[in-house]
Amino acid sequence: MKVPFLDYRAVNEAHFEEYLAAVRRVLESGWYILGKEVEAFEAEYAKWVGRKYCIGVANGLDALILILEGYKALGLMKDGDEVIVPSNTYIASILAVSRAGLTPVPVEPDLATYELDPALIEAAITPKTRAIMPVHLYGQCADMTRINAIAQKHGLKVIEDGAQSHGATYKGVKSGALGDAAGHSFYPGKNLGAIGDAGAVTTDDAELAQAIKALRNYGSHKKYHNLYKGFNSRLDELQAAILRVKLGYLDAENAHRQAVAQQYLSAIKNPAIVLPQVAPGNEHVWHIFAVRCSDRDGLQNYLTRHDIGTVIHYPIPPHRQPAYAEWSHLSLPIAETIHREILSLPMSPVLSGEEARLVVDSLNRFAG
């Protein structure tokens with residue numbers, strides 16, 4: 001491809017020497033699980049997000065599961081309780097609710113922003129609802145003022161899925177500090193990506209943080225003493241050391257993404273292409289630059305022929321997946337439209353202006 005969708009090696013290449021030094025530091029320490037690197041990353045990331053606590057875990061899915069399991073351990077939720085989720089999210093958000101023994105309730109997004117639509121939330125609230133899980137999809141935050149107001153009115157927790165929004169802000173507050181707790185993924189392709197699976201939880205709730213710390217480590221708060229029927233979901237020392245390196249560059253890399261996005265937004269003029277919108281109060285960090293086109297498959301094939309890589313985030317909505325066959329009767333037309341038309345363009349902190357221009361020129365020549 002002249003313009004790859006995402007070149008993992010190129011994204012990391014500038015940091016190789018610092019990675020090697022970090023890996024050597026871990027190897028020489030002789031301590032590889034829940035050691036000083038994890039503690040340091042947790043402190044640094046908590047400060048960067050603007051939260052009191054960060055708990056490193058194995059991946060982003062586990063981060064969400066452990067938040068819910070933490071609330072169950074504290075007696076604030078129980079099996080069968082309901083959690084409102086966006087109908088157009090990646091299935092991991094919904095799997096987390098199911099895996100924690102709770103019931104996901106899909107609610108449609110705003111078609112303009114792709115974020116959970118606050119106007120539709122209250123109609124989905126029942127006596128069993130315990131939380132709202134907004135997903136800050138593609139790199140911008142949901143409408144947290146309205147979502148938090150609804151949650152406060154009904155006595156609900158707000159759990160952010162911040163897997164795609166490292167560094168995004170809403171009214172000056174960073175993603176991960178906008179609700180009661182937040183799950184973060186550091187999968188390699190994320191804005192803050194490790195070199196394997198990794199994740200974290202951020203919160204200001206001391207009791208929840210302590211419960212999650214125990215739950216991630218077999219339910220143990222003290223060696224060989226188990227408070228809970230826990231999990232093995234620990235951020236390892238190597239990934240923590242790598243993430244400490246990358247965190248120092250994240251603001252600059254997000255700024256590069258924003259410059260590429262601005263180039264796309266200002267130069268793509270094809271009326272067949274629906275450009276993404278940035279909602280008021282948001283600083284978007286463009287984890288994904290997603291456009292819509294009624295002939296999405298034709299557009300993707302055309303771009304492939306012109307050596308431009310694209311990805312569909314996501315081709316099948318959760319309620320049409322075999323894993324959620326019990327939802328097959330649901331009609332969720334906004335999610336279905338998005339999943340039918342969405343296409344992600346190349347976006348990364350190393351995408352050049354010339355590469356972005358090639359993408360723009362190809363899109364503008366697409367005849368539909």
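# Reading loops, backbone angles and a helix pair

Visitor: Where does Y314 lie?

Guide: Y314 is placed in the loop between α10 (296–305) and α11 (333–341), where helices (H or I, at least four residues) and strands (E, at least two) are DSSP runs, numbered from the N terminus. This is a predicted model, in which local features need pLDDT of at least 70 and side-chain atom pairs count only at pLDDT 80 or more, while totals for chains, interfaces and linings use all residues. Residues are numbered from 1 along each chain as its sequence is written, and side-chain values use heavy atoms, with hydrogens and water left out.

Visitor: Which residues does a cis peptide bond join?

Guide: Most peptide bonds are trans, and most residues other than glycine have a negative phi. Here H313 and Y314 are joined by a cis peptide bond, with omega about 15 degrees.

Visitor: What is phi of K171, and is K171 buried or exposed?

Guide: K171, a residue other than glycine, has a positive phi near 50 degrees, and its place is the loop between β6 and β7 (173–174). Buried means under 20% relative accessible area, exposed over 50%, and partly exposed in between (1.4 Å probe, protein chains only). K171 has 55% relative accessibility and therefore counts as exposed. W286 is not a glycine either, and its phi is positive at about 55 degrees; W286 sits in the loop between β12 (282–283) and β13 (289–292), and because its relative accessibility is 4% it counts as buried.

Visitor: Which residues does G167 touch?

Guide: Contact means heavy atoms within 4.5 Å. Leaving aside residues up to four places away in sequence, G167 touches W48, K174, N254 and V285. G167 belongs to the loop between β5 (157–161) and β6 (169–170), and it counts as buried because its relative accessibility is 10%.

Visitor: At what angle do helix α4 and helix α7 pack?

Guide: Two packed helices are described by the angle between their axes and the distance between the axes. Axes are lines fitted to C-alpha atoms, for helices over the stretch in contact, and angles run from 0 to 180 degrees between N-to-C directions. Helix α4 (residues 60–73) and helix α7 (residues 206–215) pack at about 115 degrees, their axes 9 Å apart. Angles under 35 degrees count as roughly parallel, over 145 as roughly antiparallel, 65 to 115 as roughly perpendicular and the rest as oblique, and α4 and α7 are therefore roughly perpendicular to each other. On the α4 side the contact is made by L66, I67, E69, G70 and Y71, and on the α7 side by L208, A211, I212 and L215.
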